[in-house]
Amino acid sequence: MAKSILIDVNRCTGCWTCSMTCKTAHNLQTDEFHMFIRTIGGGGIDQAGGRWPDVYMKWNPVYTQACLTCTGDDSTCETPYCVYNCPSGALYYGDLDDPQSEAAQRLEKRRAEGFRMWQQPPWEKTRDNVFYVEKGI
Ligand code: SF4
Ligand code: SF4
């Protein structure tokens, strides 16, 4: 399998470091994004859904087709800039068919813990080979 990005949704804090790192590394314009963070909640960025006290909010990093599927450089140990700079351990990169890869090992661990794996639906037209693991939502 081609190298994939695995997103451990429950670890994402919605900080946008991944997206900002990509913009910096690739000299993107202010309104240009290769990936962005979608808030699952009340409709706006960092807006909670529901009604107090039953409120909820979580985040989904979304990779657009503009993503260059880059592999970073020497400074990131050939890991995509977005993955390397995530401070929460929410992003993994590697061949999911290679049991030695960090991505495959994280996927196996999470599956054993009852996480489900999903992908964005085709109509989102997002980057290929991006998988989400998630539990309890
Ligand atoms: S893989 Fe590279 S181009 Fe794609 S979002 Fe991450 S840093 Fe940007
Ligand atoms: S994936 Fe990591 S860097 Fe990106 S928003 Fe989530 S916690 Fe922040």
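This is a predicted model: local features need pLDDT of at least 70, side-chain atom pairs count only at pLDDT 80 or more; totals for chains, interfaces and linings use all residues.
Colleague: Let's start in the middle. Which residues have the most contacts inside the largest nonpolar core?

Modeller: The general idea comes first: in soluble globular proteins, nonpolar side chains tend to be buried together. Here the largest nonpolar core has 24 residues, and Ile5, Leu6, Ile7, Cys82, Val83 and Leu91 have the most contacts inside it. Two or more residues of this core come from each of strand 1 (4–8), helix 1, strand 5, helix 2 (81–84), strand 6 (91–94) and helix 3 (102–112).

Colleague: What is Cys82 in contact with, leaving aside its neighbours within four places in sequence?

Modeller: Cys82 is in contact with Cys18, Thr21, Cys22, Met35 and Leu91.

Colleague: Now strand 1. Are the residues on its two faces buried or exposed?

Modeller: In a regular strand the side chains alternate between the two faces of the sheet. In strand 1, Ser4, Leu6 and Asp8 lie on one side and Ile5 and Ile7 on the other, and all are buried.

Colleague: How many bridges join strand 1 to strand 6, and in which sense do they run?

Modeller: Four bridges join them, and the two strands run antiparallel. Look for Ile7 opposite Leu91, and for Leu6 with Tyr92 as its bridge partner. Strand 1 also pairs with strand 8 over four bridges, in the parallel sense. There, Ile5 stands opposite Val130.

Colleague: On to helix 3. Which of its residues are buried?

Modeller: An α-helix has 3.6 residues a turn, so residues three or four places apart point the same way. In helix 3 the buried residues are Ala103, Arg106, Leu107 and Arg110. They are on the same side of helix 3 because they cover an arc of only 100° around the axis. The face turned away from that buried side carries the exposed residues Glu108, Lys109 and Ala112.

Colleague: What covers the buried residues of helix 3?

Modeller: The cover includes strand 1, strand 6, strand 7 (116–118) and strand 8 (130–134).

Colleague: What about the ligands? Which residues come nearest to ligand 1?

Modeller: Of the 13 residues around ligand 1, Cys22, Cys67, Cys70, Pro80 and Cys82 come nearest. Helix 1 and helix 2 each give two or more residues to this shell. By class, the shell has 10 nonpolar, three polar and no charged residues.

Colleague: Where is Pro80, and why does Pro80 count as buried?

Modeller: Pro80 is in the loop between strand 5 and helix 2. Pro80 counts as buried because it has 26 C-beta neighbours inside 10 Å. Not counting residues up to four places away in sequence, Pro80 touches Cys70, Thr71, Gly72 and Tyr93. From Pro80 to Tyr92 is 12 residues in sequence and 9.3 Å in space, C-alpha to C-alpha.

Colleague: And which residues come nearest to ligand 2?

Modeller: Out of 14 residues around ligand 2, Cys12, Cys15, Cys18, Cys86 and Ser88 come nearest. Helix 1 (17–25) and strand 5 (58–63) each supply at least two residues of the shell. The residues of this shell divide into 10 nonpolar, four polar and no charged.

How values were computed
Residues are numbered from 1 along each chain as its sequence is written. Chains are lettered from A and ligands numbered from 1 in the order in which they are written. A residue is near a molecule or strand if its C-beta atom, placed from the backbone, lies within 6 Å of it. Ala, Val, Leu, Ile, Met, Phe, Trp, Tyr, Cys and Pro count as nonpolar, Asp, Glu, Lys and Arg as charged, and the others, Gly among them, as polar. A nonpolar core is a set of buried Ala, Val, Leu, Ile, Met, Phe, Trp, Tyr and Cys residues joined through C-beta atoms within 7 Å. A residue is buried if 20 or more other C-beta atoms lie within 10 Å of its own, exposed if 12 or fewer, and partly exposed in between; C-beta atoms are placed from the backbone. Two residues are in contact if their C-beta atoms, placed from the backbone, lie within 7 Å. The arc is that of the directions from the helix axis to the C-beta atoms. Two strands pair if DSSP finds at least two bridges between them.
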